[in-house]
Structure formats: structure tokens, C-alpha cells
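Reader: I would like to learn how to read a sheet and a chain contact in a model. Could you walk me through one?

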Amino acid sequence: MAARTAFMQGNEAILEGALHAGARFFAGYPITPSSEIAELASTRLPARGGVYLQMEDEMASMGAVIGASAAGAPAFTATSGPGFSLMQENLGLAAMAEVPCVVVNVQRSGPSTGLATRPGQADVMQARWGTHGDHPSLVFAPASAQECFDLTVEAFIWAERLRTPVIGRADVVVGHLRELVALPDPEDGRALASRPRPQGPPDDYCTYRPGPDGVPPLADFGSPYIVHLNGSMHDERGYPSADPAQAGRLIQRLVAKVQARVGEMVAVRHFRHDPPEGAPPRPAVLYVAYGSTARAAREAALMLAEKGVPARLLQLKRLWPFPDSEVEAAALEAGLTVVPEMNLGQVVLEVERVVGKRRPVWSCAKSNGEPITPDEILARTLEVVGA
Amino acid sequence: MEGRPAVAKGRKWQVILSGAGGQGLILAGTVLGEAAAVYGGLNATCSQSYGVASRGGFTKAEVVISPEEIPYPLVRRPDVIVALTQEAYDRQVSQVGADCLVLYDSEAVARAGRTPGREVGLPLQETARKGGSAGNTNLVALGALLGVTGLLPVECLNSAVSARFPGPDGESRLRAVSDGWGLGVEVAAGGG
């Protein structure tokens, strides 16, 4: 039950979601189109006893976030393309040292400074592989102001529960979109995002001895427990180790602890739009889309159904780990799949991997700083179905 | 909500509020969306578009209001364009269909009459100045928009303005809405 509703921007809803989930620390370097998150954090966090730090750049921001989280505070930052690039090194540290944190990337058009105020979705693979080495990746992509709130809460829950960085990946259209958002009672957010903490005597504590779910309890810096956070390959105590067996186990565990829980996480949303009754039966067209593009695809699906073609939309709320089974099931039910996205074709590669040669998969790509429109998606669809 | 004015469960409206950075267009779009969604019980989205140099540069807010859910939140084919500068008018001339109303500030837009549909020029800035502040041109424009089109009861807009500006200047802002609405209603009554 919503305690109140408000007409608010996606970026504002991201901040509200972070506060609801219990965030207590923000460090960042404001950048268009994510700046509203930092601006609001600068007043809202201190007002509730939290901390807002404006850092000298994004590398330092990510370092501060990791430090605050290690001290026990649910911590986050918000940025866009150029800043997200600078955060990659410390994002890897957070993954390897297993420090929970949330990084919001409100994507703009790139590369480099690109088009600072214009939308893009070209950071999909960066969010997966931007930091070097094998590592876990957990990424959520909202398509509405409400989802900005909901998925930020989700991001904090999993970051803390799994001791891992989580990326919230909006785009300009969604970040700056104002819509009605239902905000739950703040009491409901209590202890939503909580990390496993050690229970036993401090002398027995090992920073990296995993629990049954593969996640090692994390003691706060400054507590009676001795914490060794380490970005080098390490043993269970956190001491450096070059033992190949040890290294292999650690990498496997980092990835497996996330993979094992995907069934409990938000993944997709289904939409079905059928032609008016009496239309001759035809194979359905499936759209796989995410972020603001999912909204354009939904409108295209409605128009397509009106033209007599059954249309389905699988909106990806979670991009990584990629929702393989959901995509596979939806794609095999349809005659063909179209993947609209504001880049030259990134998620389409994943859809092709999952579907293989069993059904045709078409890209509907646009990368010029302009949002992809329903009419463009419809035109591309009619082209590939030969209607 | 108590005292909520009855809103005709009518059609979908796609509105563009355009002008220059600093004229409060994104604020106007937000207030209009709020008026529809919070006080009118309708669905509404408001999105914004601006360049890297906000102040003085071309800026627009896009507002979609509908009794139905709004899948695509941006404006595809505008029903109304409000233009507060010549640049805003010029930039959008080519996208305007015959069924789109263009409502422009008659002082700022000297070269009008170039779109295929209905155009209404009103002294929006002048009205705001006479009311005490040219800074309220955005609210005069919103009032006029509602007066001309009837897309939302003006009471919804008043509620949104009162809620957003609870301070001492709230009065002058409500007056700006009311003055603009008066201008618009006059046009609507006269067939414009």
C-alpha cells in the first residue's frame, strides 16, 4: 500500500528508492543527466544523519563509496557515461574485495563527452565487462519513474545481501521523465537492505570465509572484528595468495553467489497485445527491450496488433545476469524477435546467443542521441515481417 | 481527493511547451503534469529536452495527459505547441500537423502564421509583466493553454500551483494563471 504518491522525476525516484532502502552515504561528482540525484542527496542524506560527499572526480567517488560501505553504511553514487568509465577500476575492487555498493549510471549518448544531454543505451556491455577480469555483474534497468524507485530498492537489497556492487542503469529519458510514483511507508523499508554480519567471536572471524550461500559475512571497519579487504587474489583471511586452486575457487564463488540467486530477483515484465477478434491467425512478433526503449516498443506493439499481427513485449528489468530462460521461452513462442535499442546492437547479441538459429532475431538499432520512436520500431518490424 | 474537480474522461493530449532556457518551461511542464496526475486523476508524463547550455538556449518540455495508461511517454504528434520565443516557433514549424494548435507569445514571435493549423497569438509576457513579474510568463501560458483548449479544469492547475508555491508569492502566481486563463477563455468564446 502506497503511503503517498508524488509526481516526480526518475532521478528523484532513484534517490527516494535509495533512502527507502536505507542508504546512508553518497559520494559523487555531479554529471548530466544524473545531477539531480547528487543534488537531492546533498540535502536529504544529511537531514537524516547520513553523509553526502562531493569528491574531486569519479575515481575518488567510487573509492569513498567503498570506504563508507566497509565502515558499515549502505553507500551509493550516481554518474553518467564519462564518470562511469572512470569508476571501472574501483568497481572491480568492490567486486573482488566484496564490498556492497550501488552505482547508478544515467546513460547519455557517447562515447567520450558525446551528447551530454541526449539519450543513449550504449553502456550495456560496459556495465557487464567494463572492469577487467572475470567478475559478477548485477544490473537493473528501469523504464519508468516508478521502476526507478522499485529497482533502486532492489539494487540495494542485492548489493548488501550478496556483498557485491550493483549497477542501476537508467537513461536520460527515464531519468528526466516525471510521472506519478507510489512511495511506500518508510517503515516498510527498514532493514530491507541488510548485509550478513559475523556472529561469532572476533578471533575466529575471516573476512572471506563464505556462509552456506557463498557470501562471507562482512564486519564493519572499526568493530571488534579484524577486516582484511583485499583486491589482490586472497585466501579466506584476506591475505594475498597466488595459489591457483585458491584463485579458481574465489573467482568461481564471486560469480556463483550472484548466479545462484537470480531466481529470486526481478527479471522481466511481459506484455501481450492481440489483434482485434476475427483477424486471421499469424505468428507473433516479440520485442525484447529495456529502459525507455521498452516504452516505445510497447506503443509499437499496440500499433502492430491493430494491424493484425499479435505482438509481445518482453521488458528486461534486469540486464545482467542476462535473463536467458525468460528470453528463450518468449522468443520460441513467437515467430520472430525484434530488439530495439539506442546503440548499434548490444542486447541483440545476447538474444541471438540465447535463441540461436531456432527463430529469426532482428536488430532495430539507433545511435544518434535521439530516442527511438514507436513509429521507427513499427517500420522496422513491418520491414522484417514483410507486411 | 476532496474537492477534486470533475475531469472529463476525454481524449489524450500531447503538449509541447517551448521557449528559451530560464523561462521556466520545464517547471511549467511539471506543474501541468502534476495538475493532471495529482489533482485531475489522469495519467500524465512530463519529459524535458535541452541543450548543454541551458540558459537562453532552446528548451522544451513535453507533456502527455491521458485517461489511459501512457506507454510511450514522449510526444509523437503534438496536439498543442506553446512557443514563447521565435526560435521555438521556427524550430518546430516543420513538425506541426494541420490538427495541431500553436499558441504563441505575440510579442516574442513576430513571424508567425506559417503552420498549416490553427494559431493563436496572445500577449503572454505582457500580461505577466502587468501582473507584476515577467517571470510568471510560464504560468500565464499554462492558464491560457487551459482556457483555449479546456484540456483540464483550471482548478486542477490552481491546486498544483498552490501546492508548489506555498510562500508569499503564491498569490501572484495564481493571478498569473488566472490572467492567462482569462485570455484563453476569451479566445475560445470568440472562436479564436
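This is a predicted model: local features need pLDDT of at least 70, side-chain atom pairs count only at pLDDT 80 or more; totals for chains, interfaces and linings use all residues.

Reader: In what order do the five strands of the open sheet in chain A lie?

Author: Strands (E, at least two residues) and helices (H or I, at least four) are DSSP runs numbered from the N terminus, and two strands pair if DSSP finds at least two bridges between them. Here the order is β9-β11-β10-β13-β14 of chain A, with mixed pairing. At the edges, β9 (268-273) and β14 (361-365) of chain A each pair on one side only.

Reader: How do β9(A) and β11(A) run, and how many bridges join them?

Author: They are antiparallel, joined by six bridges, with β11 spanning residues 311-316 of chain A.

Reader: Which strands does helix α10 of chain A lie across?

Author: Contact means heavy atoms within 4.5 Å. Angles run from 0 to 180 degrees between N-to-C directions, using axes fitted to C-alpha atoms, for helices over the stretch in contact. Helix α10 (residues 292-306) lies across β9, β10, β11 and β13 of chain A, at about 170° to β10(A).

Reader: How many residues does each chain bring to the contact, and how many salt bridges are counted between chain A and chain B?

Author: Chain A brings 23 residues and chain B 24. A salt bridge puts a side-chain nitrogen of Lys or Arg within 4 Å of a carboxyl oxygen of Asp or Glu. The count between chain A and chain B is four, including D375(A) with R77(B) at 3.6 Å, N to O. On the side of chain A that touches chain B, α10(A) gives the largest share, six residues.

Reader: Where is T113(A) placed, and which residues does T113(A) touch?

Author: T113(A) sits in the loop between β5 (101-107) and α6 (124-129) of chain A. Not counting residues up to four places away in sequence, T113(A) touches P82(A) and R108(A). P82(A) is 31 residues from T113(A) along the chain, yet their C-alpha atoms are separated by 6.5 Å.

Terms used. Residues are numbered from 1 along each chain as its sequence is written. Chains are lettered from A and ligands numbered from 1 in the order in which they are written. Side-chain values use heavy atoms; hydrogens and water are left out.
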